[in-house]
Amino acid sequence: MSIRILGIESSCDETAAAVVADGREVLSSVVASQIDLHRKYGGVEIVPVVREAMEQAKSRLEDLHAIAVTQGPGLVGSLLVGITYGKTLAESLRKPLVPVNHLEGHIHAVFLEAHKSGTLPALPAVCLIVSGGHTVLYEVQPQDASRTDAGALWSYRKIGQTRDDAAGEAYDKVSKLLGLGYPGGPILDRLAAAAGNAAAPVKFGPTKMRGNTFDFSFSGLKTAVLYHVRENPSYLPEIRERENAMARGERKFEQLLPLCGPRTLALVGEFQNAVVRDLVERTMRAAEELNVPTVLVSGGVAANRQLRATFEERARNAGLNVFFPSHALSTDNAAMIAAAAYPRFCNHILADLSLNASASLPIA
Ligand code: KG4
Ligand code: ZN
């Protein structure tokens with residue numbers, strides 16, 4: 001019989017539930033975004049999300065082996081929705097409650113994907129977690145080098161992080177200032193691809209970091225885009241048109257693309273070049289200096305096509321292997337929480353009813 005864990009994730013905008021068997025097989029994964037839904041009661045209700053996850057997994061609550069919840073990092077108010085529900089469920093079903101770090105979840109998302117293809121990433125690895133809330137580099141290795149099974153615990157060492165904005169936050173802010181709405185990543189990803197090789201109206205050089213050179217910084221880039229647009233008021237009519245289109249509900253790529261002139265597309269392309277270059281350069285340099293065979297990339301921005309292609313090319317040239325989750329497992333989801341819970345469950349790392357949300361929970 002497989003070990004079935006229900007994962008619950010509510011650290012940010014999403015409310016998600018999923019059932020994962022043996023830490024590797026996704027039986028269901030439901031993500032409800034409060035961006036899409038009416039926020040009548042200030043958030044998505046968690047009960048129907050869990051019910052849907054159980055139905056899709058064709059499982060009964062009684063058959064679960066454990067309930068896993070995201071403890072942090074994240075917004076305390078959002079985290080508490082999942083934690084409170086998870087505690088209630090675990091208590092009423094008399095099942096163990098497993099606390100999970102959201103970032104550890106993102107790392108496990110890569111392994112969930114790899115289990116599907118049958119080729120697991122070799123550890124130690126350098127892992128870049130890049131999302132709307134985080135841009136951080138870890139070295140990941142097994143706590144016990146002789147264990148490589150899905151139930152083995154890993155240890156993490158932080159080797160770099162953003163000193164200001166997360167990369168996803170830069171996407172979101174640049175998107176907003178260009179009248180392209182939230183979230184910015186998916187639309188800018190596609191607009192940058194539409195830019196082709198058009199000459200950029202401005203060039204953004206690599207960010208130089210003092211001290212730890214595995215750190216990142218994206219607020220300067222965002223500000224450079226802002227200044228460039230301010231200094232060139234001819235961008236403004238287009239921005240207004242897009243804002244008006246968005247206000248009418250015309251938010252799709254196909255609707256917004258005709259409202260973007262070649263100069264805007266080239267600007268977006270250059271912004272993305274700069275983000276991708278910095279993410280890939282620092283991560284690959286860390287992998288080479290630490291002499292690890294594997295690079296893992298996860299988090300919402302890992303869905304970016306140019307980022308993936310650039311990592312793949314650089315890794316091939318360096319003789320390293322790079323792994324990503326599928327698009328659905330890159331952004332916030334609960335399957336990664338249930339997967340990260342599996343080794344903790346196997347090693348009896350459990351929580352009791354005193355479990356509390358932690359806004360800045362460090363990864364253990
Ligand atoms: O992991 P995630 O769902 O939530 C956080 O933990 O933040 O990541 C969301 C972030 C947003 O900033 C969004 O703009 C960005 O990921 N994102 C992308 C893409 N898809 C989502 N950024 C660049 N390219 C994409 N295709
Ligand atoms: Zn996340």
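These legends accompany close-up views of a predicted model.

**View 1. Ligand 1 and the residues around it.** Ligand 1 is surrounded by 20 residues. G132, D172, G185, D189 and D332 are the closest of them. One polar contact involves a side chain: a polar side-chain atom of D189 sits 2.9 Å from a nitrogen atom of ligand 1. Backbone atoms take part too. A polar backbone atom of G300 is 3.0 Å from an oxygen atom of the ligand. For D332, a polar backbone atom is likewise 3.0 Å from an oxygen atom of ligand 1. How much of ligand 1 does the protein bury? On its own the ligand exposes 550 Å², and the protein buries 91% of that.

**View 2. I187 in helix α5.** Helix α5 spans residues 184–195, and I187 belongs to this helix. Is I187 buried or exposed? Its relative accessible area is 10%, under the 20% cut-off, so I187 counts as buried. Setting aside neighbours within four places in sequence, I187 touches S175, L180, F253 and L256. D215 lies elsewhere: 28 residues separate it from I187 along the chain, and the two C-alpha atoms are 26 Å apart.

**View 3. The largest nonpolar core.** This core holds 53 residues. Those with the most contacts inside it are L191, F271, L279, V297, L307 and F311. Which helix gives the core its largest share? Helix α9, residues 262–290, supplies twelve residues.

**View 4. L279 and its contacts.** L279 is one of the residues with the most contacts inside the largest core. Beyond its neighbours within four places in sequence, L279 is in contact with L128, V130, T135, A167, F216, F218, V301, L307 and F311. L307 and F311 are also among the residues with the most contacts in that core.

**View 5. Helix α12, from residue 335 to residue 346.** Helix α12 has twelve residues. From first C-alpha to last it reaches 17 Å, close to the 16 Å expected at 1.5 Å a residue. Just after the helix comes H348, with a positive phi of about 60 degrees.

Terms used: Residues are numbered from 1 along each chain as its sequence is written. Chains are lettered from A and ligands numbered from 1 in the order in which they are written. This is a predicted model: local features need pLDDT of at least 70, side-chain atom pairs count only at pLDDT 80 or more; totals for chains, interfaces and linings use all residues. Side-chain values use heavy atoms; hydrogens and water are left out. Helices (H or I, at least four residues) and strands (E, at least two) are DSSP runs, numbered from the N terminus. The expected span of a helix is 1.5 Å times one less than its number of residues. Buried means under 20% relative accessible area, exposed over 50%, partly exposed in between (1.4 Å probe, protein chains only). Contact means heavy atoms within 4.5 Å. A residue is near a molecule or strand if one of its heavy atoms lies within 4 Å of it. A polar contact is a pair of N or O atoms within 3.5 Å; within protein, one must be able to donate a hydrogen and the other to accept it, and residues adjacent in sequence count only if both atoms are side-chain atoms. Accessible areas come from the Shrake-Rupley method with a 1.4 Å probe; for residues, only the protein chains shown count as cover. A nonpolar core is a set of buried Ala, Val, Leu, Ile, Met, Phe, Trp, Tyr and Cys residues joined through side-chain atoms within 4.5 Å.
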